[in-house]
Amino acid sequence: MITSSLRRIGVDQAPLYHPSYERDACGVGLVVDIAGRPSRDIVERALSGVVNLTHRGGVGADERTGDGAGLLTQIPTALFAADLERLGQQPLATGELGVAMVFLPRDAAAAAAGRRALEAAFDAAGLTALGWREVPVDPDVLGPTAVATMPRIEQLMIRRPEGCDEETFERKLFLARKGAERTAERQNIDLFVVSCSARTLIYKGFCLPRDLAAFYADLRNPAYESAIALFHQRYSTNTFPTWALAQPFRFLAHNGEINTIQGNRSWMEARAPELAFADGTGVDALRPVVSWSGSDSLSLDDVVGLLHHGGRSLPHALMMLVPEPWEQLPEMPSELRAFYDFHAGMIEQWDGPAALAFSDGVLAGATLDRNGLRPLRYAITSDGLLVAGSEAGTVAIDQSTVVEKGRLGPGQMIVVDTRRGVVLRNDDLKAEVAGGAPYGAWLAANRVQLDGAEPEPVPESPTAPVEGARTNGRVKPDPGVVAIQRAFGYTAEELRLIVQPMAGETKEPTWSMGDDAPLAVLSEKPRPLASYFRQRFAQVTNPAIDS
C-alpha cells in the first residue's frame with residue numbers, strides 16, 4: 001500500500017526528490033502601496049499572506065504553538081486616539097507619536113522595574129513618555145507552550161519634542177531603547193523592546209499565523225491602517241523558538257541563516273570602541289552593538305539599525321552588510337564597484353543564505369545575499385501595489401492587474417519609496433546609493449597598497465620541489481620534502497585538494513561538508529595543528545549549499 005502511494009506521487013521516477021518537499025525554511029512577505037496611501041486593505045492582505053505561509057513554519061508538539069509569526073507596519077495613529085484622550089493628550093499626527101512595543105516580565109514587581117527602566121531611558125534622552133497602554137490580547141487562542149511563556153505585552157507612547165525633526169526623533173528613540181536594554185541587563189530584568197519608533201510598529205507572537213490576528217485584537221481593528229506591511233512566518237533552525245525571537249525584527253524579516261555569524265558578531269564587538277555617530281554619540285550609548293544571545297537574524301537587525309541610525313539609508317546599510325559578489329562581476333559599473341570595494345575595508349559581509357524583506361516605515365523592499373539560495377518573487381500591479389514574498393501567490397492579487405512580475409537574483413534588491421511614490425529596481429537603486437559619495441576618489445587617495453615580493457615559481461606538482469629529479473618526464477618527489485610533509489601530517493588528499501588549488505592555481509579550495517575523518521582531538525593518529533580548529537557552520541541549511 002505504501003509503495004503504490006509513493007508511485008502515485010512520482011517517487012519511483014525521482015526517489016530523493018518531489019515538488020511537495022519544496023517548503024523549506026521561514027517565509028517572508030511584503031505588501032506596499034507604492035504611493036504611500038495607508039489603508040486597511042494593506043493590513044488585511046498581509047494578515048492573509050502570513051497565513052498562506054503557514055507551511056513554511058514549525059509547529060510544536062501541542063499542535064497549537066508555532067515557531068512564531070508577526071507583522072511590521074507603519075504606526076496607525078488613529079488606533080491610539082482613545083488612549084491619548086484617556087491620558088489627557090491631544091491627538092498626534094503621523095510622525096509626532098512614538099510607540100514602544102514591549103514584552104515585559106510576568107512578575108508584577110519585575111514588570112514595574114522594566115517600565116521604570118524604559119521611562120528613565122526616555123527621560124534621559126530628553127523625550128516625554130505620555131503613558132502606558134495595555135495591548136488587548138486573547139491567550140485562549142494560543143497553545144499551552146506559548147501561554148506558559150507569554151510575557152506582559154504593553155505599549156509606551158512618546159511625544160516628539162517641539163523643534164525636533166523626524167530623523168533626530170528616531171535616533172533619540174533608538175538611543176533610549178539601548179539605554180533601557182543596558183539597565184535591564186544590569187538589573188536582570190527580562191525585558192524585550194519589540195519596536196520603538198515613530199514610523200513602525202511590530203505585532204508578533206509565539207503562535208501560528210492563523211492565530212496572530214485572533215490573539216491581537218488591534219490587528220482586527222478597522223482603525224489599524226498602513227501603507228506598508230512586512231510579515232514573517234518563522235521556521236526555527238539555529239535557536240529555540242521564543243516570543244522575542246519571532247519576526248519581523250525592528251527593520252528586517254529574514255529567511256535563511258547567517259553562516260558567518262560568529263565572526264560577524266566578534267568583529268562588531270572588536271570594532272565597538274571606534275564606533276560613534278557623527279553628532280558625537282559614543283559607543284557607551286550605542287551598546288549593546290550586537291546581540292550575542294539572540295538569533296543570527298536579530299544580530300543582523302541590530303547592525304542594520306546601528307548603521308541606519310548612524311546616518312545611512314536602509315538600502316545603503318544592507319548593501320554594506322549583504323553585498324553582491326562584486327569581485328566576480330567585471331562588467332559592474334565603476335562607481336558601484338568602488339562603493340563595494342570601499343565598504344569591504346570597513347565591515348565584513350554577513351554571508352547567507354538570506355532572503356531579506358525590510359522597512360523603516362518610509363522605504364520598503366527586499367534583497368537576496370550574493371549566493372541567491374533563497375527564493376524571493378515580486379509583482380507590481382496597475383493599481384499601485386508591490387507584493388514580494390518567498391513564493392508566488394503569497395498575497396492574493398487580481399492577476400489581470402499585474403503589470404510586472406519577477407524574481408530577485410543573487411545580490412539584487414528592489415525598493416519602494418512611499419514618499420516619492422516610486423519603485424526603485426536594482427540597477428537604478430544601487431547607482432543612486434553608490435553615487436552618493438566619491439568612493440573611488442576616497443580609495444585612490446587613502447588606500448595603502450602593500451606590494452609583496454615576486455612570487456616563487458610554482459612547481460609542477462605540489463609534492464615535488466623544483467630541484468627534484470625527473471623520471472619518465474615526471475618530477476620525482478624529493479625524499480626530504482616528503483619526510484617533512486609526513487612529519488607535519490600532510491596527506492595526499494590535502495595536497496591534492498588544498499595545497500594544489502591554493503599554491504598551484506591561486507584558487508580558494510573547495511571542500512565537502514561531509515567529512516568522515518574523526519575530529520582531531522579524538523583521532524588516534526597525529527594531526528596538524530590546524531586540524532584542531534573548525535569553521536563553524538549553521539546546522540540547518542535549506543537547500544543545502546553543498547550537494
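User: Two strands pair if DSSP finds at least two bridges between them. How many bridges join strand β1 to β8?

Analyst: This is a predicted model, in which local features need pLDDT of at least 70, side-chain atom pairs count only at pLDDT 80 or more, and totals for chains, interfaces and linings use all residues. Residues are numbered from 1 along each chain as its sequence is written, and side-chain values use heavy atoms, with hydrogens and water left out. Helices (H or I, at least four residues) and strands (E, at least two) are DSSP runs numbered from the N terminus. G27 has Q233 of β8 as its bridge partner, and the antiparallel pair of β1 (residues 27–33) and β8 is joined by a number of bridges that comes to six.

User: And which residue in β8 does A69 stand opposite?

Analyst: Strand β2 (residues 69–74) pairs with β8 in the antiparallel sense over five bridges. Across from A69, the residue in β8 is Q233.

User: How many residues of strand β8 are buried?

Analyst: Buried here means under 20% relative accessible area, exposed over 50%, and partly exposed in between (1.4 Å probe, protein chains only). I228, L230 and H232 are buried on one side of β8, and A229, F231 and Q233 are buried on the other. The strand (residues 228–233) is therefore largely enclosed by the rest of the structure, its buried residues being six of the six.

User: Let's turn to the sheet β4-β5-β3-β6. Which strands stand at its edges?

Analyst: Happy to! The sheet is open and has four strands with antiparallel pairing. Two of them have a single partner strand each, so one side of each is left without a neighbour in the sheet: β4 (128–134) and β6 (192–197).

User: What angle does the direction of helix α4 make with that of β5?

Analyst: Axes are lines fitted to C-alpha atoms, for helices over the stretch in contact, and angles run from 0 to 180 degrees between N-to-C directions. From one strand of this sheet to the next, the twist averages 20°. Helix α4 (residues 108–124) packs on the sheet, touching β3, β4, β5 (152–159) and β6, where touching means contact (heavy atoms within 4.5 Å). Its direction makes an angle with that of β5 of about 20°.

User: How many residues does the largest nonpolar core have?

Analyst: A nonpolar core is a set of buried Ala, Val, Leu, Ile, Met, Phe, Trp, Tyr and Cys residues joined through side-chain atoms within 4.5 Å. In the largest one, Y203, Y216, L219, W243 and L386 have the most contacts. Helix α2 (residues 40–52) gives the largest share, five residues.

User: At what angle do helices α8 and α10 pack?

Analyst: I261, R265 and M268 of α8 meet D296, S299, V303 and L306 of α10. The crossing is left-handed, meaning that the near helix is turned anticlockwise from the far one by less than a right angle (clockwise would be right-handed). The axes of α8 (residues 261–271) and α10 (residues 296–309) are 11 Å apart, and the packing angle is about 35°.

User: Within what arc do the buried residues of α13 fall?

Analyst: N426, L429, K430, V433 and A434 are buried in helix α13 (residues 426–434). Seen down the axis, they line one face of the helix, because the directions from the axis to their C-beta atoms fall within an arc of 125°. On the other side, D427 and D428 are exposed.

User: At what angle does α13 run to β15?

Analyst: Strand β15 belongs to an open antiparallel sheet in the order β9-β10-β11-β15-β16, with β9 (252–256) and β16 as its edge strands. Among the elements covering the buried residues of α13 are α11 (314–321), α12 (334–344) and β15 (413–417). The helix lies across β15 and β16, and its angle to β15 is about 75°.

User: Is A396 buried or exposed?

Analyst: A396 lies in the loop between β13 (385–389) and β14 (402–407). A396 and A46 are 350 residues apart in sequence, yet their C-alpha atoms are 9.7 Å apart in space. With a relative accessibility of 59%, A396 counts as exposed.

User: Finally, what percentage of the residues in the protein is buried?

Analyst: The protein has 16 helices and 18 strands. Of its 547 residues, the buried ones make up 49%.
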